[in-house]
Amino acid sequence: MLSKSQLRILVCPVCKFVLRQEKRRLICGKCGEEYGFKYGFPVLIPEITDDVKLSMEKWDAIYEKKLKTKEYLKDMDDYQLNHQPKIVEQIDASKKIGKGTVYLEIGCGPGYLGLYYGKKGSMIIGIDFSTSALKIAQKFAKRFGIKNTLFVCGDITQMPFANDSFDFVYGGGTIEHFKNTKVVLTEIYRILKKGGVSFNTVPCLNLGTLYRFRWGNIPNIPVVRQIFEFVNLNLLKGKHMSFGYELSFLASTLKNLHKVAGFKKTDITRFDTYLVLESLPSWSKRLFTYLCVKSPLFWPMHKAVARK
Ligand SMILES: C[S@@+](CC[C@H](N)C(=O)[O-])C[C@H]1O[C@@H](n2cnc3c(N)ncnc32)[C@H](O)[C@@H]1O
Ligand SMILES: [Zn+2]
């Protein structure tokens, strides 16, 4: 069961109307659609498109395996040691997050970062379409004694949140996993409070994209995108697409998408991230690490920061 304050944040993902809670159902007051719960998480997923379905299957399989093998424990240690410090530093530069902040992580996965802010007293909402990922997030929340959380099973292209709900929306490598980037950015704009900050990281489209081709990354430029979609999805049936559908972006495209979504000013800069560069020979790792930091031709990820 959801508390009144939790219910106030949630809406029907289709018509964005308030939901009524009856026993183990959430019912839309407008279209009458009923939503249920799975493993205690509200499941607010209406019909999904094929690209979202592909990403959902791939990501859920990844998290299901991590859950079974308990690999998530090692992942959390690695995240806290190697990834979190750089991410927190960059987020802190864009928005002070602390007690009273209403924080949403889209594509939260195991919710590592959200839980860090949860410990600081922020209200943490995480949305992901993988219940296996949410189960991991819930385990960590319990372990850390964090109670101010709400994990929602949903599709972020059809956001089940009320207008003007959040102070901060974070998507770490998430909004590239479906075709309609514009709709998600429009949704983020809708659900942010005035003055709220959107912070997303996505793969850069540059020479480094060649490295991502092995898992089916698609360059987001007209015609090239359509050709890559045809080859990856129609001919190869998405088998090698380890993370499902995945785009890489030019900074100019990303900036324009934010503008169309309603954001007046968006800063697109290099996302300073811990590089794994798995399967590269060790002699080349130092060289590529240097290039990934110094040259925009090799930058791995953009960070897009915009204020409503
Ligand atoms: C690269 S992972 C990032 C996970 C987490 N933010 C982190 O930094 O560890 C991308 C996440 O986005 C989720 N995701 C991708 N597309 C989604 C969608 N349409 N709706 C909900 N979740 C989605 C995946 O399940 C996955 O957890
Ligand atoms: Zn509805």
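Modeller: The largest contribution to the shell around ligand 1 comes from α2, with three residues. Helices (H or I, at least four residues) and strands (E, at least two) are DSSP runs, numbered from the N terminus. This is a predicted model, in which local features need pLDDT of at least 70 and side-chain atom pairs count only at pLDDT 80 or more, while totals for chains, interfaces and linings use all residues. Residues are numbered from 1 along each chain as its sequence is written, and chains are lettered from A and ligands numbered from 1 in the order in which they are written.

Ligand 1 is surrounded by 20 residues, the closest being W59, G107, G109, G172 and G173 (near means a C-beta atom, placed from the backbone, within 6 Å). Two or more shell residues come from each of α2 (50-69) and β6 (123-128). By type, the shell has nine nonpolar, nine polar and two charged residues (Ala, Val, Leu, Ile, Met, Phe, Trp, Tyr, Cys and Pro count as nonpolar, Asp, Glu, Lys and Arg as charged, and the others, Gly among them, as polar).

Strand β6 runs parallel to β5 (residues 102-106), joined by five bridges, with I106 opposite I127 in β6. Strands pair if DSSP finds at least two bridges between them. Both strands belong to an open sheet of eleven strands with mixed pairing, in the order β1-β2-β3-β4-β7-β6-β5-β8-β9-β13-β12. Its edge strands, β1 (19-22) and β12, each pair on one side only.
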